[in-house]
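User: Hi, could you walk me through this model? I have a few quick questions.
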Amino acid sequence: MRVTAVVGLDIGTTSAKAAAFDADGKMRGRAEARYELHEPHPGWVEQDPAAVVDAVMGLVPKSGPVALSSAMHSLVGLDARDRPVTPLITWGDTRASAQAEGLKAEHPDLHARTGTPLHPMSPLAKLRWMRECEPEAFAAARRWVGVKELVVHRLTGEWVMDHSVASGTGLMGLSTLDWDPEALALAGVEPDQLARLVPAKERLGDVIVGAGDGPLANLGVGAVAPGVAACSIGTSGALRLMVEDPAVDRAGRSFCYALTPGRWIVGGAINNGGVVLEWLSQTFGASIETLLDEAAAVPPGSAGLLMLPYLLSERAPHWSALPRGAYVGLSHAHDRGHLVRAALEGVCQQLALVLASLRDAGYEVREIRATGGFARSQLWRQMLADALGLPIGFTAAREGSAFGAALLGMEALGIVDSIERAAALIAVTETVEPDPTAAAAYDRLRPIFEAVYDALLPAFRALRAEAAIPDLCALPPL
């Protein structure tokens, strides 16, 4: 039977989305399921693995091809009968901060070799934490997998991990596309405790294993040509570029994740995007629309007020769980509009630092394709273009990672001859050009923004103890 549509199934952090697309890229149907995050202790962000998998399975069609996308960096331990012995620990969990800092200091070469920054999001750091802090659960785990592997196993009975998701574990070598012996030794696991590695286009019946959500988001917005990057701001944010060969910049500021042979994604993710605006709305007791209107009345640069928007610590380009949010330059002349604008500018400046790290690594970036909830705000759209100093194209494409998964599935099935050709058909419906005056203001402020981070880092380290963040190894067992 001729296949006319592919379902892209995107397993996100708090929800899963399934969307069916035909070969012309037209969406034929969509469904969504939500599930909960649990934060039992400061820094812990986890889920019930069975609840997540059950919710995702409710979106799977009864017949026809399904291509998968998923959030990266999750980890769960399973016993000899494949029953969970730990919760599903998500990318946002920072309990392994000490282990990540230790790995960064003692084994800095791991980042360049695996493509994954030495950060508590990394399953490598999480495994070190489990080994040191939960030895009984660690010993009971016969297998270590992530959320996508749980879903693939439920669908097919196979334990496999695609090269894309594996490249976000800190355990796979980029040059070998195989488990890295030193990383495994540091984690304390054997190769047979991990899933079998397969290409992203691997087919298991009607299931195309797929890739990580970040790499697939580039496909979903058509950011596949040289020099065209994808930028997203939802709860968090990211800026990513597709390249032909794997590489990490010498300063260790970017990640490098696999997609398919000859397609790699370099870039950086930030923890704090729309969550900053949500926090402001809750703190001030005002609607987001009201706050955006007030921020729009403030000129670029917020009259000398800066905000480091690290409410959920931070990832790129510093890759540290230590920083916290801070306003710098606050005076009696500043009002709520200044506070809001400075926060939004801080998010955009952080993405501009990610862009700078890509350029420092020798990559050309001349155009941005953007997605995410921020795109509903004309103020934020213009601010991002000004901070990045580049035109930003917005597409009509929805469900970027799900669409990217569907495109990958279509290539695997031979429905399209190349995802680049298919992605090139994605039309830009609006382009926002940077305003030269605002862009110049952000250029002047960016070195100050970066220097403030460096200056405050010792204070962040000292204040961590004052914030009553507990010794996580001393907490009750999982």
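User: Is Asp82 buried, partly exposed or exposed?
Analyst: Asp82 counts as partly exposed, at 27% relative accessibility. The cut-offs are under 20% relative accessible area for buried, over 50% for exposed and partly exposed in between, with a 1.4 Å probe and protein chains only. Before we go on: this is a predicted model, where local features need pLDDT of at least 70, side-chain atom pairs count only at pLDDT 80 or more, and totals for chains, interfaces and linings use all residues. Residues are numbered from 1 along each chain as its sequence is written, and side-chain values use heavy atoms, with hydrogens and water left out.

User: Thanks! Which residue forms a salt bridge with Asp82?
Analyst: That is Arg143, with the closest N and O atoms 3.2 Å apart. A salt bridge here is a side-chain nitrogen of Lys or Arg within 4 Å of a carboxyl oxygen of Asp or Glu. Arg143 sits in strand β8 and Asp82 in the loop between β6 and β7, so the pair ties together parts 61 residues apart in sequence. Helices (H or I, at least four residues) and strands (E, at least two) are DSSP runs, numbered from the N terminus.

User: And Arg143, buried or exposed?
Analyst: Arg143 is buried, with a relative accessible area of 19%.

User: How many salt bridges are there in the whole structure?
Analyst: The search finds 24. One of them joins the side chains of Asp22 and Arg28 at 2.7 Å, N to O. Asp22 is buried at 8% relative accessibility, whereas Arg28 is exposed at 56%. There is also a network of salt bridges linking Asp109, Arg113, Asp180 and Glu182.

User: Switching to strands: what's the order in the open sheet of six?
Analyst: The order is β3-β2-β1-β5-β14-β13, with mixed pairing. Two strands pair if DSSP finds at least two bridges between them. β3 and β13 stand at the edges with a single partner strand each, so one side of each has no neighbour in the sheet.

User: How many bridges join β2 to β3?
Analyst: Seven, and the two strands run antiparallel. Ala18, for instance, has Ala31 in β3 as its bridge partner.
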